[in-house]
Amino acid sequence: MKLLHSLQWRIVLAYTALMFVSMGAVSIYLVNFVRDTYISNLEERLAQEASLVGEATGRFFRGPLDPADLQVASERIGNLINARVTVVARDGTVLADTWEDPTVMENHTLRPEFQDALSTGLGRDTRTSTAVGQELLYTAVPIRVDGTLMGVARVAVPTSTIQANVNRIITTISLAAIIVTVLSLALGYFLARRTSRSVRSVTEAARRLAAGALEQRVEALSSDETQELANAFNRMATTLRDMIRDLSGERNKLAAVLDTMADGVVVIQSEGQIELVNRAAEELLSLSPRGVVGGRFMEVVRDHDLQRLVSRSLETRQRQHGEVELFHRRRFFSAIATPLARGGPSGTLLTLHDLTRIREVETTRKEFVSNVSHELRSPLASVKAMVETLEDGAVEEQQVARDFIRRIHREVDRMIGMVEDLLDLSRLESGQATLHLSPVDLRPLLDEVRAQFQERADSKQITVDIVLPEALPRVLGEEEKLRQVLANLLDNALKFTPERGSVTLSAKAGDRVVKVSVKDNGIGIPEEHLPHIFERFYKVDRSRRDGGSGLGLAIVKHIVRAHGGEVAVESREGEGSTFSFTVPRAN
Ligand code: ADP
């Protein structure tokens with residue numbers, strides 16, 4: 001804006017200077033021309049007047065000359081033409097003069113105008129008159145009567161009058177020049193201002209457009225040229241807006257596609273700078289969203305395998321493929337670096353496909369098979385050992401044989417129990433088990449479960465209490481499944497509580513759910529095991545031969561979740577555990 005201002009003033013200044021110079025030159029030329037014309041006209045007029053004086057005074061030379069008459073006639077003419085008139089005899093004697101007494105005037109033979117008049121027919125001179133004491137312009141012509149030279153007629157005007165007239169002309173011309181200059185300057189200033197205002201409004205609009213105001217337009221301007229500029233600007237702004245809209249639409253689409261992709265995408269320029277990275281890639285490579293784009297891939301992504309893959313693709317311009325494992329994040333993915341050819345070698349496109357989940361499923365499957373095998377191996381091994389012992393003759397000893405058969409029975413029951421648990425779990429995990437929900441009264445259910453385990457509790461002298469509020473709302477669930485949950489929890493509580501311990505079954509109603517807890521003062525669970533306790537096959541002490549398969553709590557969790565509830569555990573090693581779960585209230 002400042003620049004434009006100074007530009008405007010510079011134009012005005014230049015224009016002013018030009019005006020002054022040209023008007024000055026014109027004025028000087030005009031003054032010279034008019035003065036020269038005036039003077040030459042004056043000289044011509046004086047010559048004519050001198051001739052006229054010569055004609056008028058010629059008759060005085062025909063007869064005897066009467067100087068007084070000549071003087072009177074000269075004065076009359078002098079008055080008429082408003083000039084000094086002098087009549088000089090051929091010998092230089094002044095015969096008449098309108099401003100001076102001729103008798104006292106000296107001989108004029110030596111006067112230049114006199115001599116010139118005689119020699120050329122016209123004499124001129126400018127000098128200060130000795131008689132009148134002021135500068136005069138003299139013009140003299142010869143007086144002839146019938147072709148005979150009789151004298152010289154001279155006309156003179158003061159140069160001061162000429163100068164005054166010339167000065168008047170100069171003043172008039174200068175004044176006119178000044179008026180014209182001022183007027184044209186005012187006009188120029190007005191035009192410059194109007195133009196610069198138009199240019200300024202276009203500049204202002206361009207500035208706002210550049211700042212992102214895409215709807216910015218220039219309003220109608222004053223002159224045709226600036227209006228054309230404004231129209232061109234407005235057309236450009238519209239095209240620009242449409243182009244930007246199209247481009248950002250495309251970009252948004254691309255960004256949306258890239259960001260919703262499950263696979264990671266990174267574009268790396270040929271110099272190694274990251275040009276683009278999508279959300280999945282940020283997540284997979286745990287990059288912070290800021291400062292990644294523009295950074296060097298080798299510095300931003302600190303994985304050696306990925307770095308090698310990308311640099312090889314950039315060097316060889318060949319597609320590179322590899323499986324990469326980020327150990328610190330326990331993530332696996334398949335990475336493909338494809339060279340990009342955008343009119344010449346220009347970078348590589350790295351795509352990352354997350355295999356972590358697949359690997360996890362694979363690992364889980366392997367673990368599952370190994371767990372099941374492991375769990376079955378020990379009862380099968382003991383069954384086998386006992387069968388072999390029986391075969392080797394123990395069958396003959398009735399007592400031993402009966403004991404072995406009872407133990408074989410127990411192992412087989414355990415295996416059947418485990419297979420049933422596995423089937424239950426698999427049904428629950430696959431979501432195949434549909435629940436038949438109905439309002440269930442927990443009070444009788446808890447009583448039944450306690451009764452079911454009473455014998456076992458008694459055998460360890462463990463007291464099992466039931467603590468319920470007066471009014472316990474019914475829950476919405478499948479009675480058999482809830483019974484299974486309670487039985488599993490009570491079974492564990494009795495299993496992991498030493499003799500003479502105590503177990504409490506309780507329930508508490510919340511706004512929407514009822515929370516059921518099974519609390520014991522048994523061995524408790526070390527803190528580090530608590531997060532895994534509901535995982536299948538998880539056992540705190542694997543060496544314990546307590547008959548458990550580690551599936552009970554996993555089944556509990558799945559049944560509770562299928563009811564829309566949650567399981568929780570609180571435990572302290574050596575002090576006891578409290579397992580609890582929630583079930584929705586029936587009303
Ligand atoms: P299990 O059939 O072995 O009992 P669970 O899934 O029911 O399998 O339990 C998993 C593990 O959690 C058990 O092996 C035991 O270590 C621990 N646990 C479960 N309940 C209790 C409890 N009340 N007190 C102490 N430890 C328990």
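**Notes on helix packing and domains**

1. H12 and H13 cross in a left-handed way, meaning that the near helix is turned anticlockwise from the far one by less than a right angle. Helix H12 covers residues 479-495 and helix H13 residues 552-562; they pack at about 145° with axes 9 Å apart. Axes are lines fitted to C-alpha atoms over the stretch in contact, and angles run from 0 to 180 degrees between N-to-C directions.

2. From H12, Lys481, Gln484, Val485, Asn488, Leu489 and Asn492 meet a set in H13 including Leu553, Ile555 and Ile559 (contact: heavy atoms within 4.5 Å). By class, this contact has 7 nonpolar, 4 polar and 1 charged residues.

3. Please keep in mind that this is a predicted model, where local features need pLDDT of at least 70, side-chain atom pairs count only at pLDDT 80 or more, and totals for chains, interfaces and linings use all residues. Numbering starts from 1 along each chain as its sequence is written, and side-chain values use heavy atoms, leaving out hydrogens and water.

4. Mean pLDDT (the predictor's confidence in each residue, from 0 to 100) is 88 for the protein chain, with 96% of residues at 70 or more. Among the elements, helix H1 has the lowest mean, 83, and strand S15 the highest, 97.

5. Helix H9 (residues 356-391) and helix H10 (residues 398-430) pack at about 165°, their axes 9 Å apart. H9 and H10 are therefore roughly antiparallel (over 145 degrees).

6. The chain is divided into domain 1 (2-165), domain 2 (261-351), domain 3 (359-430) and domain 4 (438-584), with bounds from an automatic or database domain assignment. The C-alpha centres of domain 2 and domain 3 are 51 Å apart.

Notes
Helices (H or I, at least four residues) and strands (E, at least two) are DSSP runs, numbered from the N terminus. Ala, Val, Leu, Ile, Met, Phe, Trp, Tyr, Cys and Pro count as nonpolar, Asp, Glu, Lys and Arg as charged, and the others, Gly among them, as polar. Angles under 35 degrees count as roughly parallel, over 145 as roughly antiparallel, 65 to 115 as roughly perpendicular and the rest as oblique.
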